[in-house]
Amino acid sequence: MSLRLSFRADPGNPWFSWHYVRDNSDTILSALGDHTWLTVRAVVIAALVGLPLAVLAYWVRPLSGPIVAVTGVLYTVPSLALFAFLGPYLGIGAVTVLSVVVLYALLVIVRNAVAGLNQVPAEIREAAEGMGYGRWGRLWRIELPLALPGIVTGLRLATVSTVALVTVGVVVGRGGLGQLIFAGFQNNFYKTQIMTATLLCVLLALLADLLLAGASRLLTPWLARRSG
């Protein structure tokens with residue numbers, strides 16, 4: 001999806017202007033929609049990859065260290081370097097952006113999921129075994145529900161960081177709100193454009209975090225009763 005960057009210059013160059021927002025609402029909403037869609041896809045893909053890795057690390061203890069270490073090493077690689085490395089192979093666009101942000105989201109998802117699974121009390125696992133639960137049944141019926149707070153914490157952290165990181169995708173032409181920020185710098189440091197996109201990034205991250213926190217409370221009602 002190509003994003004048309006348009007704006008009307010403000011001679012006063014204030015940090016925020018409703019006039020700019022009104023005149024460029026289509027462009028802003030297009031960038032916000034693209035940013036949101038990239039974030040959702042990245043977190044979903046990271047969860048589909050990271051949660052099985054966490055379960056594998058939980059079941060096969062010797063693999064726990066290497067799995068966490070590899071995701072940690074990937075997290076330390078500068079994002080621009082990853083874009084430069086993957087760009088020639090994956091091309092310019094959403095696939096490259098998703099690949100980079102998914103790699104960064106893996107660490108927090110895997111680490112928090114492993115921590116949550118490890119915090120399941122041993123006596124509960126033993127009781128489940130005594131009731132006839134096999135490995136998969138114990139995982140789905142007992143361990144994952146009890147580890148859910150840790151898993152959701154990882155998803156929340158991954159989502160917030162992904163919202164911020166997607167903006168760097170501007171280097172390959174798919175940065176969502178990053179497109180507006182970059183265009184603002186190109187347009188003689190157009191403050192209103194930069195601030196509008198920045199505020200929307202912050203609001204998007206806060207909204208996503210609140211939605212995941214609410215979902216966690218709905219999925220773990222026993223925790224609310226215990227705290228009450």
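Arg-138 is placed in helix 7, which covers residues 135-166. The model is a predicted one. At a relative accessibility of 11%, Arg-138 counts as buried, because the cut-off for burial is under 20%. Neighbours within four places in sequence were set aside in listing its contacts. Arg-138 then touches Arg-125, Ala-128, Glu-129, Tyr-133 and Glu-143.

Ile-151 lies 35 residues away from Gly-116 along the chain. Even so, the C-alpha atoms of Gly-116 and Ile-151 are separated by 6.5 Å.

Helix 3 was examined along its length and around its axis. The helix runs through residues 61-76 and has 16 residues. From the first C-alpha to the last, helix 3 reaches 24 Å. This is close to the 22 Å expected at 1.5 Å a residue. Its buried residues are Ser-64, Ile-67, Val-68, Thr-71 and Gly-72. These residues lie on the same side of helix 3, because they cover an arc of only 130° around the axis. An α-helix has 3.6 residues a turn, so residues three or four places apart point the same way.

The cover over the buried residues of helix 3 includes helix 2 (25-59). Helix 5 (94-118) is also part of that cover. The opposite face of helix 3 is turned away from the buried side. Exposed residues are carried there: Pro-62, Val-70, Val-73 and Thr-76.

Key. Residues numbered from 1 in each chain as written. Predicted model: local features only at pLDDT ≥ 70, side-chain atom pairs only at ≥ 80, totals over all residues. Heavy atoms only, no water. Helix = DSSP H or I, 4+ residues; strand = E, 2+ residues; numbered from the N terminus. Expected span 1.5 Å × (residues − 1). Buried < 20%, exposed > 50% of the residue type's maximum accessible area, 1.4 Å probe, protein only. Arc of directions from axis to C-beta. Contact = heavy atoms within 4.5 Å.
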